[in-house]
Amino acid sequence: MNLLNFPEIQSGLIPFVSSLILALVLHSRWPQWSALSALAGFYIGAASMGVLDLTPTRSANRIFLLGLGFVAVGSIVDIITNRSSNSLIRQICNPIGLVILAIVISVAWLIYSPLSRQGGMVMVGSLLSAIAWSALIAAGLLTLDRQPIRAYTAITFLALAIGICTALGASILLGQLAIGLSASCGALLLLTCFTNVQRVPLKFIAVAAFLCAAIGVSGVIFAKVTWLTLLLLAGVPLIVRLPLPVAWSRLAQASVVSLFAALAGSAAVSLALWQSAQSTSYY
Amino acid sequence: MKKISLFIFSTALLSSAYAADTYTVDPGHTYAHFAVSHLGFSTMRGRIDSKGGSFTIDGNSGSVSVKLDPASVDTGHDKRDDHLRSPDFLNVVEFPDMSYASTSVTLTADGGSVEGNLTMMGKTLPVSLDITAMKCGEHPFSKKPTCGFDATTTIKRSSFGSQYGLPAIGDDMQLWIEVEGSR
């Protein structure tokens, strides 16, 4: 029996352990490099699912390649934001705004080809909904960069809920990818509880936000997830902002913020579960 | 000169009378059935409808081109059909076209074989079909010249990019293609 064939191993254990090990190995360069270990965990998990096949070009492949592209975009933004606040480039443009724009354009490009075959109001409506939702998710996550507990919790629970909703929709594979991202970020959330990290690199949040937005929208286009479910999921990056006593330990903060995020996530999962229960399940 | 022209004209007429017969596929009687092992316990069967096509019979050879509609996949279970349409399997939103086009056809008294290319999930790979039954004649109702044949093959779905559930859900996908067309 090959353990690698089990979905729990592919999208749970492998990304979590890979991410954790890499973060520990790279701890001296925390958080700049350690945050990237979550992405490595995600890609290793995806490889174990056998979906890192680059031909033919399909949405999953584009998600993987664009995800890597956002490492570069995020790195540039990190450099810009680390400079003094009155630097010329920061006066010309808002770096976080640029990343949000890049995420929205990438998600729209990802789904444009299949939507263009449907044409008409379906295409326009879906495209506008995808743009609005991607912008909401990207803005919600990117602006948490100075609150590591909240940022890692939001990404962990958002990706988990997207994964469950997508698997309940029609695509277990897309669902597994999102759950793999959640497991990778979960490892970093665990480490953040025991360290004194003050900031999450934008290169990491940019990729995670893109992956969440892209997989969520793909769930609607390819796997029968509804826009209403995504709307409920957009509550995750918002609810983690609820105020907490500053005196609390990081572990206590993470526990309470996780409860908030789980609450918003479970609302979306309940809706997906209810919609899925309308037809007879099978295994 | 007049005699030569007459010879050329009559030869052309004669050759057109014996030219290859081209049949237009009847989508109502053309489909693909498939079978895949379900966890080794049983065999799951389903059907994919046709979107049209044509075939030609020219003595012992010919050609065939059939378009299939993967979005029509039907296994008798709505939720499973939704899953089969998803990126886990047929990925019909991204790849709405599935087709088979022959490169060579050999017909014999009891069937024959077809060499050609199957396009599925955006990948085109060579696939050989065995013709297990074939009949040509006048359709009893439409009175049109009609031909039909059954063909079968086995492909590996992983080679077309469908990795989901391997190896529990079988990699070998048995295909039966039933084609009928009229002139």
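In chain A, the axes of helix α7 (residues 148-169) and helix α12 (residues 250-276) come within 9 Å and cross at roughly 20°, where axes are lines fitted to C-alpha atoms, for helices over the stretch in contact, and angles run from 0 to 180 degrees between N-to-C directions. Helices (H or I, at least four residues) and strands (E, at least two) are DSSP runs numbered from the N terminus. The structure is a predicted model, in which local features need pLDDT of at least 70 and side-chain atom pairs count only at pLDDT 80 or more, whereas totals for chains, interfaces and linings use all residues. Residues are numbered from 1 along each chain as its sequence is written, and chains are lettered from A and ligands numbered from 1 in the order in which they are written.

Helices α7(A) and α12(A) are therefore roughly parallel to each other, given that angles under 35 degrees count as roughly parallel, over 145 as roughly antiparallel, 65 to 115 as roughly perpendicular and the rest as oblique. The crossing of α7(A) past α12(A) is right-handed, the near helix being turned clockwise from the far one by less than a right angle, and a left-handed crossing being the anticlockwise case. The residues of this contact comprise 17 nonpolar, six polar and two charged, with Ala, Val, Leu, Ile, Met, Phe, Trp, Tyr, Cys and Pro counted as nonpolar, Asp, Glu, Lys and Arg as charged, and the others, Gly among them, as polar.

For helix α8 (residues 172-193) of chain A and α9(A), the axes come within 10 Å and cross at roughly 160°, which makes α8(A) roughly antiparallel to α9(A). This crossing is left-handed. On the α8(A) side, A:L174, A:L177, A:A178, A:L181 and A:C185 meet residues of α9(A) that include A:A208, A:L211, A:I215 and A:F222, and the contact has ten nonpolar, two polar and no charged residues.

The largest nonpolar core has 130 residues, of which A:L141, A:A161, A:A206, A:A208, A:A209 and A:C212 touch the most other members; such a core is a set of buried Ala, Val, Leu, Ile, Met, Phe, Trp, Tyr and Cys residues joined through C-beta atoms within 7 Å. Helix α9 (residues 202-223) of chain A gives the most to this core, with 17 residues. When residues up to four places away in sequence are not counted, A:C212 touches A:I137, A:I155, A:L158, A:A159 and A:I162, contact being defined by C-beta atoms, placed from the backbone, that lie within 7 Å.

Chain B has two helices and nine strands, arranged along the sequence as α-β-β-β-β-α-β-β-β-β-β. Buried residues make up 31% of its 183 residues, a residue being buried if 20 or more other C-beta atoms, placed from the backbone, lie within 10 Å of its own, exposed if 12 or fewer, and partly exposed in between. In the interface, 20 residues of chain B are in contact with 23 residues of chain A, and helix α2 (residues 78-85) of chain B gives the most to the chain B side, with five residues. That side divides into six nonpolar, seven polar and seven charged residues.

Several backbone features fall in loops of chain B. The peptide bond from B:L166 to B:P167 is cis, with omega near 0°, and B:P167 lies in the loop between β8 (145-156) and β9 (169-182). B:L39, although not a glycine, has a positive phi of about 55° and counts as exposed, with 12 C-beta neighbours inside 10 Å. B:N91, also not a glycine, has a positive phi of about 50°, but is buried, with 27 other C-beta atoms within 10 Å.

Key:
Contact = placed C-beta atoms within 7 Å.
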